[in-house]
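Thanks for making the time this morning.

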Amino acid sequence: MTLRKRLAALTLTGVFVLLFSFFFIQKTLYDSAIEHASAELEATTYQLGTMLLLYNDADLQAIVENNSNITVGLLNNQLEQIEGFIPPHLIGDLGEYISTQQTERDSLLCVHSSEVMVLAYSKLPEIDRIVVTYTPRSTLLANWRNAFILHALMFVMAMTILCGLSLWLWQRLKRQHMRAAHLAEHFSDTENTLSECGCAVISWPVDTPDGKLTTQLNWPEILGPTGAKISPTMADFLDKLSPASLNRLRGPLIDNVWPDERVGTMVDIATTANRTQRFYLMAHRYVESDRQFASVLLLETASQQELCHPFETYLRHTPEPAIAVDTEGVLRGFSPALEDLVGLHVHDIVNQPFFKLFVPDDQQTAMTAMRQKSDNNTMLGDAKSILRVLDRQDNVRWLAWHCIGPFDGLVFCSARDVTEFVENANKLRDTLDQLKRSNEDLEQFAYVASHDLQEPLRMVASYTQLLKRRYAGTLDQEADEYIDYAVDGAKRMHKLISHLLEYAKTGTTGDEFNQIDCNLVLNEAQADLKDVISREQATITHDDLPTIKGDRIGLSRLFQNLLSNAIKYRRPGVPPHISVTVEPDPIMHDFWRFSVRDNGIGIHPEHAQRIFRLFQRLHKDEFSGTGLGLSLCRKIVEQHGGRIWLDTSRPISDPGTTIIFTLRVHHSA
């Protein structure tokens, strides 16, 4: 019932997480669509302004006639309309925005006739003109609506799968609950059967100071109540023995001196205050987990009762598959539960080697286990040997065996059916193997794809550069511009693939780390950036860094990327200053916490997670790059067992960025 309540709570949590994720993703996509549409409209306005500078009489509306949703207008610097049509209230909104922003070109949202418009402008001070374009925002969100419908369908599918899985697990838990109740009923029946047969079993560790019992089967039913005590002890049992019986058992049960591994005798036990009863007692000593235990089996006797071997009674009434084997490994008896499981052919194995009960592949294992345990007078281990048998339908069943003895030359072995557990374990192992192979294939694919793209890209870059050298200036200006675009695109693609190849190769060298002095690694990174540090007049300070175990090349690349970013995203007119500090992590005490702090342009906290993703760039127009630097840093840190994040607690009044990452402390052997 507790598990089912937890399942219901987990399902509700999953539904809430899915709902939250759905609305969060839609909000993000919506904002991205608006931002993208505004950027495209702003770029179009800028291009129209460029055309107007080149051709004063250019028809701007005709240039964008392929997009009927865009309206173009022309204003002078006093916001007087020169060409086209722009509603006066939009001109008023534009004037207020320009007066506050003081930017040459930008975009904004305005309301026109209850409809939101995206408006962009571009100032042309050379000719005293302002190019203005606007378009309804609703026409720019078609792609977002399609994505919304697709995500809604995926959300419904995920909800259906989640609910279906929860219902399936609910039914599984219900069946397991019924099975547990059924097993509890079986155990209760077993105890009742032993109680009706007058059988009790107790055991305790020999070295225990208080003699607390580890097994007490049928104590109150056979030996009588223990008074006010809830948990009887070995002393309580010895107090029930008559003085004569206690003297006979003082050696093995009190002094731990055993003439043999087992002893058997008739004893008198006080079951109540005024009544003494005769029992047949058999005690033996065994070792489990490097501890010695004493176990006592009591069989109730009465007048005119023939004393039989206690395990014959147990085999006849136990609900578990069980066998009795002599010290030579010959099967002497079995329980009805074993016959129900494997069929009538078990009768053919009686008085033959017991290992014939198992499938051929496990027979040698059974014989080996018997020989290894023969010195300790045990067989098949303590629920550690799992051997297979064939049931009535010739299906393989896995049984976990536990044995005790010998008693009077017989060893008693009982089994539990663990077929379902073994099959589930095998399925889980196969799934883990498949997942490992899949991850290896994905890493190999990324490496091969990035590596194989280098050669055709190198050819494209070479021929475009050759084309530029041979025909630059001989064709018209537009052709030269196209050639420059091709050369620049090839160079940027080559850089992107090189970084992607480096990202794919990171972490594939194995887990063999060496002892690394972080001071030397930081010095190597500064040496690689010597030119840019000197050119930008950057200063770098650092604490005395610790020695850790890791990959020298990876850590050098980590520091190099962080230093390079700090110099690259500097504030105009301010020399970069970078500080590298380290301290023990206050939360994870087995880690060092490194901080790389700069005085650059900073990163808004809302981008704290985005910057570590692949191909994510916040300043695409102002700075060049591929968006792989911080992703590579995260991969290197996680390869070393740490984590990396942006310090979002830095106040706005203190401009700059602080990147924090952790590396595991190296403990000297």
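How many disulfides does the structure hold? There is 1 disulfide in what you are looking at, and please bear in mind throughout that this is a predicted model. The bond joins C403 to C413, with an S to S distance of 2.3 Å, and the link of these two cysteines is right-handed, with 110° about the S-S bond. The pair is described as linking distant parts of the chain, although its members are 10 residues apart, C403 belonging to strand β14 (residues 396-407) and C413 to strand β15 (residues 410-417).

Are these cysteines buried or exposed? C403 counts as buried because its relative accessible area is 3%, under the cut-off of 20%, and C413 is likewise buried, at 0% relative accessibility. Two further cysteines can be described in the same terms, since C110 has 2% relative accessibility and is therefore buried, while C633, with a relative accessible area of 0%, is buried too.

Let me turn to the sheet. Five strands form an open sheet in the order β7-β6-β10-β9-β8, and their pairing is antiparallel. At the edges are β7 (215-217) and β8 (262-272), each of which pairs on one side only, and from one strand to the next the twist averages 25°. Helix α7, residues 243-254, packs on this sheet, where it touches β6 (199-205), β8, β9 and β10, and the direction of α7 makes about 130° with that of β8.

Another antiparallel pair is formed by β1 (residues 71-75) and β2 (residues 81-84), which are joined by 3 bridges, with G73 standing opposite G84 in β2. This is a hairpin with 5 residues between the strands, and in it L79 takes a positive phi near 65°.

Finally, a word on confidence. The mean pLDDT of the chain is 77, and 81% of the residues reach 70 or more.

Technical notes. Residues are numbered from 1 along each chain as its sequence is written. This is a predicted model: local features need pLDDT of at least 70, side-chain atom pairs count only at pLDDT 80 or more; totals for chains, interfaces and linings use all residues. Side-chain values use heavy atoms; hydrogens and water are left out. Two strands pair if DSSP finds at least two bridges between them. Helices (H or I, at least four residues) and strands (E, at least two) are DSSP runs, numbered from the N terminus. Axes are lines fitted to C-alpha atoms, for helices over the stretch in contact, and angles run from 0 to 180 degrees between N-to-C directions. Contact means heavy atoms within 4.5 Å. pLDDT is the predictor's confidence in each residue, from 0 to 100. A disulfide is a pair of cysteine sulfur atoms within 2.5 Å. Buried means under 20% relative accessible area, exposed over 50%, partly exposed in between (1.4 Å probe, protein chains only).
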